[in-house]
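Let's walk through this structure together, one part after another. Have the sequence and the 3D view open as you read.

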Amino acid sequence: MNPDIARVTDARDAHRAGRLGWPAERLRAKALEIRRDIITMLVQSQSGHTGGPLSVADFGTALFFHELNVDPRDPAWPERDFWHFSIGHVTPVIYSLMAERGYFPRRDLMQFRSFAGHLQGHPSHHDTPGIEVSSGSLGQGLSVCSGVAMAARIDRHPRRVYCVMGDGEQQEGQVWEAAMFAGHRRLDNLCAVIDYNRKQIDGDVEEICGIGPLADKWRAFRWNAIEVDGHDLDAILAAFAAARAHRDAPTVILAHTVMGKGVPFMEDDHRWHGKPPGPAEGERALRELGTTFAEWSARLLGADTDPDVVPAGGGAR
Amino acid sequence: MSAAITLPARVERRKTREGFGRALVALGERDPRIVVLVGDLSESTMVNLFAERFPERFIEVGIAEQNMTGIAAGLAAAGKIPFFATYGAFASCRAADQLRVTVAYTNLNVKIGGAHGGISVGQDGATHQAMEEIAIVRSIPNLQMVVPCDYWEAYRATIAAAARPGPVYIRFGREDVPVVTAEDTPFTFGRGEVFAEGHDLTVVACGVMVYEALRAREALLERGVAARVVDLHTLKPLDTGLLERCARETGAIVTAEEHQVNGGLGGAVAEAIVRSHPVPMEFVAVMDRFGRSGRPDELMDAFGLRAKDIVAAAGRVLERKRR
């Protein structure tokens with residue numbers, strides 16, 4: 001093995017004290033809580049996107065509670081991995097993951113999209129601690145992540161870079177500019193995850209402007225492409241591990257998901273892309289998820305006593 | 001401190017983009033955070049000088065300006081000070097959304113070098129003559145902007161941009177242009193410089209039009225009119241204090257820019273003085289039309305961007321001032 005790569009690999013292991021590494025079983029329980037957060041936030045705000053956040057919930061939980069090396073109490077920790085949601089509209093799941101991981105108190109979720117709160121409709125670096133780069137205009141995130149990955153290469157920094165994209169977003173030309181660049185530069189510290197739920201606001205992705213065969217496209221751009229069931233946590237963890245081990249090419253994980261996953265009456269229906277559930281629909285959705293609005297909003301507004309928010313290694317770091 | 005400029009009989013000519021390129025090398029020597037990106041225009045933007053000296057900190061992105069803007073944003077998010085260079089038409093218009101959402105909204109420390117601004121780009125024609133940059137850039141919150149008037153000012157502006165937190169857009173031209181400042185001419189980011197005193201009117205200019213304004217001043221002096229000449233190199237943040245003082249002390253303003261009349265330097269100056277001390281104003285600019293191919297000198301003549309056009313505008317504004 002190239003001695004440079006061996007050295008970097010060692011450094012990666014030594015600097016990963018902020019990685020939780022939860023097993024799949026524990027992630028499943030957390031993902032259910034994330035879904036409850038999402039619906040509760042949306043019922044409270046009566047504004048925002050529902051379908052995408054629910055399809056992201058499982059691999060998003062795996063990313064935040066297994067894979068990422070971060071310290072939410074110190075969002076600027078120099079050793080941290082870089083994560084970025086190029087699909088800025090899935091803020092309900094982004095903010096829920098952040099709050100559950102400890103970036104800010106859970107009660108803030110109840111002020112999603114409100115003037116008084118700090119949780120903007122789309123992620124804002126200026127407003128929310130832990131949001132590294134603002135997003136909301138589709139297609140731009142992979143370029144940003146390629147820049148971070150280039151900086152890490154220049155500095156010989158062991159951090160990894162994770163970019164979450166949408167499938168409809170693949171219609172944006174800039175995605176392919178960035179894909180071409182990162183493939184050309186063999187940025188193996190970069191991992192993209194595509195929420196492949198096959199729906200966009202106006203309907204089916206394949207009917208509106210087909211993006212398939214998507215894995216072949218990415219491979220043609222010199223990426224390592226892995227296809228997984230985006231709701232199978234064991235498969236997702238295996239894909240993240242494979243991405244970490246892969247050398248000389250960036251990895252894209254095509255996470256095959258179902259829009260609205262977890263709430264049967266919302267599943268696979270594009271009309272849930274961009275609207276929140278009304279109070280009655282929200283109550284119904286929360287019942288499907290085993291709670292009620294009263295119960296779960298009280299949990300969000302209560303004290304953050306959950307040990308989940310403390311990173312692995314605790315005070316050792 | 002006075003920055004009085006006297007034009008010599010024979011004026012040296014150099015490219016503003018060369019000032020940019022040489023300043024990047026100087027910055028690279030003193031700060032390892034400096035990284036330079038380019039979109040397949042290394043020689044045109046003169047970042048090849050940096051590339052030769054610091055190949056490990058030079059990123060050739062290829063022909064993908066939107067991607068380049070995003071990569072620069074990522075580098076800045078990771079603590080670098082990225083400068084990226086392309087033609088101004090692409091940096092400002094093609095990548096406007098990337099500048100707005102990713103760079104400016106996040107307030108990232110990205111420096112943008114927009115080369116080939118203005119009608120004097122010449123033979124390449126309208127597509128490559130960037131004349132909307134000031135309007136676009138100054139309408140986006142957090143974005144700062146400098147339009148240097150010559151080689152030395154471009155050099156100083158580039159050095160100053162690196163020290164300035166947040167995103168900064170620097171606009172350059174293509175041609176050799178008269179060198180009107182010296183290596184030691186004062187330059188303060190955000191402050192205009194009075195290059196020549198006068199009490200009858202003020203000519204506020206940026207870019208190559210500063211030279212034309214100084215020439216116009218000579219012609220006006222022969223007619224007994226004393227024009228003050230202000231080099232307003234920083235378009236944002238705007239030196240509103242200096243503009244108010246000029247309006248108050250001279251009572252008339254002519255602006256001169258190699259840019260569309262809508263939303264450019266003239267608009268910025270008008271917005272400022274209307275709020276503080278309104279006086280008659282005239283605008284020497286490109287009058288809401290696209291450019292075309294031609295020699296730079298004949299285009300400057302045809303589009304009304306010469307000293308004589310400033311003199312004519314001064315006549316009109318003085319007439320209104322006397323009423």
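Which residue in β7(B) is the bridge partner of Met145(B)? The partner is Tyr169(B). This is a predicted model, in which local features need pLDDT of at least 70, side-chain atom pairs count only at pLDDT 80 or more, and totals for chains, interfaces and linings use all residues. Residues are numbered from 1 along each chain as its sequence is written, while chains are lettered from A and ligands numbered from 1 in the order in which they are written.

Around that residue pair, β6 (residues 144-146) and β7 (residues 168-171) of chain B run parallel, joined over three bridges. Helices (H or I, at least four residues) and strands (E, at least two) are DSSP runs numbered from the N terminus, and two strands pair if DSSP finds at least two bridges between them.

Now zoom out to the open sheet of seven strands in chain B, with mixed pairing and the order β3-β2-β4-β5-β7-β6-β12. Because β3 (58-60) and β12 (234-236) of chain B each have a single partner strand, one side of each edge strand is left without a neighbour in the sheet.

Next come the helices. Helix α8 (residues 151-163) of chain B packs on the sheet and touches β2, β4, β5 (111-115), β6 and β7 of chain B; contact here means C-beta atoms, placed from the backbone, within 7 Å.

Finally, turn to the contact between the chains, with 22 residues from chain A and 24 residues from chain B. On the chain A side, α5 (141-155) and α6 (173-184) each supply at least two residues, and α5(A) gives the most, with ten residues.

Conventions: Two residues are in contact if their C-beta atoms, placed from the backbone, lie within 7 Å. Axes are lines fitted to C-alpha atoms, for helices over the stretch in contact, and angles run from 0 to 180 degrees between N-to-C directions.
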